[in-house]
Amino acid sequence: MQKYQKVFNCINLMFNFYAKHTNILGISSADYLFNKNTKDISCIADLVKVQNATKTDYAQQIMVITRSFIESSILLIFLLKNEAERFKYQEDSQLLLFKNVFMDYKYALTGKFDQLLVDINFSLDLLRQGVAETFNNLSLNNKKQILKAIKRDEFIIDDTTYSDLDYFLRNFKPISFSVQKMWRNLSNVIELNGKTVEDLTKLDYNKASQFTHNIYPLQK
């Protein structure tokens, strides 16, 4: 751990500098990602300590967190450089939560979870009600998107609107889910010693992604 401690200390000093000398903590989306990244670094440091102390290999877990850290760092830079995208990121996140509730209802409709619903004293009607209540809590803009997708003036789930809503949500992919799009957006915005954000992060991101997708560890 000794040889890594200076690295972690350096990262900690940089985080503290930006927290004190910029308004990054005053931007809600940036604040969330900034704090998420500090926790990622802390988790990696803890795993390295445990790994060395117990002689247990946590490389897989470290690389999974590293991939998430790189991805959220790219997103953080993207949002800092694209002010209009900050609120959209929050709205997209809200819409994704709505999608999760809808997916619960969609899978329940298959009948494969009927016994589970009985066991937990739940029902399709309650799930459908949950979708409607989640819609009611959406922002005005997200409500408009959904109503436009289902071609209705008010939210309702029937055979027609279900199909339209399913199609809309299956094709909904926010830019925060695409590292490639964010790389392209930042290619002419940030450069460090002739290198773009993609140049600085792509190799590590791809290697960490292989671990996230469970590459078999043929060598250390």
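Let's start in helix α2, which covers residues 28-54: K36 and D40 sit four residues apart there, so about one helical turn separates them. Keep in mind that you're looking at a predicted model. The side chains of K36 and D40 meet in a salt bridge, with 2.6 Å from N to O. Side chains of opposite charge can pair when their charged atoms come close. And where do K36 and D40 end up, buried or exposed? Both K36 and D40 are buried.

Now hop over to helix α4, where K88 and D92 are also four residues apart, about one turn of the helix. K88 and D92 form a salt bridge too, and their closest N and O atoms are 3.1 Å apart.

K106 forms a salt bridge with D166, the closest N and O atoms lying 2.9 Å apart. This pair links distant parts of the chain, since D166 is in helix α8 (residues 159-170) and K106 is 60 residues away in helix α4. D166 counts as buried because its relative accessibility is 10%, while K106, at 22%, counts as partly exposed. R170 joins in as well: K106, D166 and R170 are linked in a network of salt bridges. Across the whole structure, a search finds nine salt bridges.

Finally, look at Y107, which is also in helix α4 (residues 84-108). Y107 is partly exposed because its relative accessibility is 47%. Together with F113, L116, I120, F122 and L126, Y107 forms a nonpolar patch on the surface, with about 560 Å² of accessible area in total.

Technical notes: Residues are numbered from 1 along each chain as its sequence is written. This is a predicted model: local features need pLDDT of at least 70, side-chain atom pairs count only at pLDDT 80 or more; totals for chains, interfaces and linings use all residues. Side-chain values use heavy atoms; hydrogens and water are left out. Patches are made of residues with over 30% relative accessible area and no salt bridge: like charges are joined within 9 Å, nonpolar side chains (Val, Leu, Ile, Met, Phe, Trp, Tyr) within 5 Å. Accessible areas come from the Shrake-Rupley method with a 1.4 Å probe; for residues, only the protein chains shown count as cover. A salt bridge is a side-chain nitrogen of Lys or Arg within 4 Å of a carboxyl oxygen of Asp or Glu. Helices (H or I, at least four residues) and strands (E, at least two) are DSSP runs, numbered from the N terminus. Buried means under 20% relative accessible area, exposed over 50%, partly exposed in between (1.4 Å probe, protein chains only).
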